Amino acid sequence: MSITKSLSSKEVISILSKFTPCDVSDSLNKHGIANGGFIPNLTNQSPVLNTASSVGKAYTVLYAPKSDPRPAVKQAYIDQVPEDSIVVIGLPLELQTVNAPYVKVNNALYGGLMSTRAQYRKANGSVILGRIRDLDEHNELGYPVWSYGVGTSAPGPLVKVVGINVPLEVKVASLDKDSEVLTINAGDYIIADKNGVVKLEDNEQLNSVLDYIPKRVDADIKVSEDIKNGKPAAESQKLWRSKI
């Protein structure tokens with residue numbers, strides 16, 4: 001595959017759904033993104049089966065404390081979910097921590113009714129940078145959900161929605177400082193499976209990133225075959241990856 005034309009979002013989603021987040025990270029590493037687009041600490045809560053990657057464009061939702069001066073968004077975010085999107089819900093930086101449980105809000109930000117509505121609107125999954133509840137409901141729907149953890153109480157008593165399709169800042173651990181911040185923008189591609197969640201920006205590098213993915217996958221299949229036949233891993237990796 002060599003991509004030279006401008007692709008629609010549906011075409012990009014179709015291509016990415018054939019690969020894993022690990023495959024996408026390998027390509028992003030090659031394109032200078034050291035973290036491979038990985039959004040850490042998220043667990044696949046539903047469905048807990050071997051399934052293909054969930055892929056879609058980020059539809060972002062920002063919660064904040066009820067005391068926040070920003071007004072609550074009037075429309076229900078879940079009733080605006082676009083087709084083929086991944087719902088991504090987050091909190092402000094001041095409510096995030098680098099270490100588990102990663103947020104200061106113990107109430108769940110998302111529940112089974114939200115997945116029911118998102119699935120009806122043909123979303124491709126939900127990524128919650130906080131807690132969720134109603135695990136059985138998500139799994140019975142077969143609707144893909146990732147989160148930091150689980151809880152029992154609804155969000156309403158503590159937080160309100162203050163933004164839709166706004167940038168979400170995510171505090172994560174860093175090698176050389178106390179923390180760093182990742183940003184998930186509305187419209188970023190989200191690729192997720194049981195390995196974790198990756199974001200891919202819709203920018204000028206997109207075609208090149210997509211073009212590299214299957215070539216790297218094919219090379220690594222050949223490396224795996226070599227290793228099974230007794231060839232040293234480093235030698236085989238150097239050989240096949242140099243041909244990409």
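**Exercise 1. Work out how many helices and strands the protein chain has, and how its overall build compares with a globular protein.**

Step 1. Start with the secondary structure: the protein chain has six helices and 12 strands. Here helices (H or I, at least four residues) and strands (E, at least two) are DSSP runs, numbered from the N terminus.

Step 2. Now the build. The radius of gyration is 19 Å, close to the 18 Å that the globule rule gives for 244 residues, so the chain is as compact as a globular protein of that length. That radius is taken over C-alpha atoms, and the rule is 2.2 Å times the number of residues to the power 0.38.

Step 3. A word on what you're looking at: this is a predicted model, where local features need pLDDT of at least 70 and side-chain atom pairs count only at pLDDT 80 or more, while totals for chains, interfaces and linings use all residues. Residues are numbered from 1 along each chain as its sequence is written, and side-chain values use heavy atoms, with hydrogens and water left out.

**Exercise 2. Find the nonpolar cores and say which strand gives the most to the largest one.**

Step 1. Buried means under 20% relative accessible area, exposed over 50%, and partly exposed in between (1.4 Å probe, protein chains only). A nonpolar core is a set of buried Ala, Val, Leu, Ile, Met, Phe, Trp, Tyr and Cys residues joined through side-chain atoms within 4.5 Å.

Step 2. Of the 244 residues in the protein chain, 46% are buried.

Step 3. The largest nonpolar core holds 44 residues, and Tyr 63, Tyr 77 and Val 88 are among those with the most contacts inside it. Strand β3 (residues 54-65) gives the most to this core, with six residues.

Step 4. Apart from this core lies another, of 17 residues, including Val 12 and Ile 191.

**Exercise 3. Locate the "binding site" positions that UniProt lists, and describe Leu 113, Met 114 and Asp 134.**

Step 1. In an unreviewed entry, UniProt lists Gly 111, Gly 112, Leu 113, Met 114 and Arg 133 for "binding site". They span 23 residues in sequence, yet no two of their C-alpha atoms are more than 10.4 Å apart, so they gather at one spot. UniProt positions are given in the numbering used here, feature names are shortened, and annotations may be inferred rather than shown by experiment.

Step 2. Leu 113 sits in helix α3 (residues 112-120) and is exposed, at 64% relative accessibility. Met 114 is found in helix α3 too, but is partly exposed, at 26%. Leaving aside neighbours within four places in sequence, Met 114 is in contact (heavy atoms within 4.5 Å) with Tyr 77 and Ile 78.

Step 3. Asp 134 is also listed for "binding site" in an unreviewed UniProt entry. You'll find Asp 134 in the loop between β6 (125-132) and α4 (135-141), and its side chain reaches the backbone nitrogen of Gly 112 at 2.9 Å.

**Exercise 4. Decide whether Asn 107 is buried or exposed, and trace its polar partners.**

Step 1. Asn 107 lies in the loop between β4 (85-90) and β5 (108-110). At 12% relative accessibility, Asn 107 counts as buried.

Step 2. Its side chain makes a polar contact with the side chain of Ser 153 (3.1 Å). Such a contact is a pair of N or O atoms within 3.5 Å; within protein, one must be able to donate a hydrogen and the other to accept it, and residues adjacent in sequence count only if both atoms are side-chain atoms.

Step 3. The backbone oxygen of Ala 154 lies 2.8 Å from a polar atom of the Asn 107 side chain.
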